[in-house]
Amino acid sequence: MSAQAGDDRIGALLDKQDIQEALMRYSRGIDRADVAVLASAFHPDARVEMGPTVFESGPEAASRLIELAASARSSSHFLGNILIRLDGDSAFSETYFVASVAIDQDGQTSLRARGGRYLDRLERRAGQWRIADRTVVEDWARTDVLPDGPPTPLRTGRRGTEDPLYALIPTLSAVQPEG
């Protein structure tokens with residue numbers, strides 16, 4: 001392998017890592033109800049399609065998604081298989097997800113779980129990879145009533161800055177991924 005080919009492969013790996021971090025910022029932002037972190041996953045002019053709902057800007061999508069999730073007690077988004085195809089300063093990714101959201105409904109706590117895929121077109125602008133266009137595909141969903149259980153001795157995750165994450169990383173920046 002030539003030195004140039006090796007450099008190209010290393011560059012592709014770094015690009016894919018930056019793309020994965022943008023995808024992870026989406027999950028952190030939505031789960032922690034952090035609009036700034038969520039918005040940092042998208043370009044300002046991003047288009048986001050979630051079924052019949054379409055957002056025409058990254059900041060609008062971030063703020064509206066946080067509003068829509070405001071009734072959730074907690075949520076967890078897990079990203080699984082991520083396939084990324086690079087094409088210069090553009091990329092396409094298909095990311096499998098499982099999301100679970102605890103909601104209070106009719107005096108009971110229910111868990112809404114769903115699985116699907118994020119189909120993203122990403123662009124590198126000013127050296128940063130972010131989502132330019134997202135379509136959310138839901139492959140399955142279910143809602144179950146959660147039985148009352150014993151209290152946990154573990155710290156409890158929270159939406160917003162009261163989550164233990166923010167005490168652990170006091171210098172958390174919405175725009176710059178940790179690394």
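Y26 counts as buried at 3% relative accessibility (buried means under 20% relative accessible area, exposed over 50%, partly exposed in between, with a 1.4 Å probe and protein chains only). Before going on: this is a predicted model, where local features need pLDDT of at least 70, side-chain atom pairs count only at pLDDT 80 or more, and totals for chains, interfaces and linings use all residues. Residues are numbered from 1 along each chain as its sequence is written, and side-chain values use heavy atoms, leaving out hydrogens and water.

The structure holds 3 aromatic pairs (Phe, Tyr and Trp rings, the last by its six-membered ring, with centres within 6.5 Å; planes under 30 degrees apart are stacked, over 60 edge-to-face, the rest tilted).

| Pair | Centres | Planes | Type |
|---|---|---|---|
| Y26 and F42 | 6.1 Å apart | 90° | edge-to-face |
| Y26 and Y118 | 5.4 Å apart | 70° | edge-to-face |

Y26 lies in helix 1 and Y118 in strand 5 (residues 108–125), so their pair ties together parts 92 residues apart in sequence. Helices (H or I, at least four residues) and strands (E, at least two) are DSSP runs, numbered from the N terminus. Ring pairs link Y26, F42, F97 and Y118 into a cluster.

And then there's R134. Its charged end sits over the ring of Y26, 4.4 Å from the centre, and R134 also lies over the face of Y118, at 3.9 Å from the ring centre. For a charge to count as over a ring, NZ of Lys or CZ of Arg must be within 6 Å of the ring centre and within 35 degrees of the ring normal.
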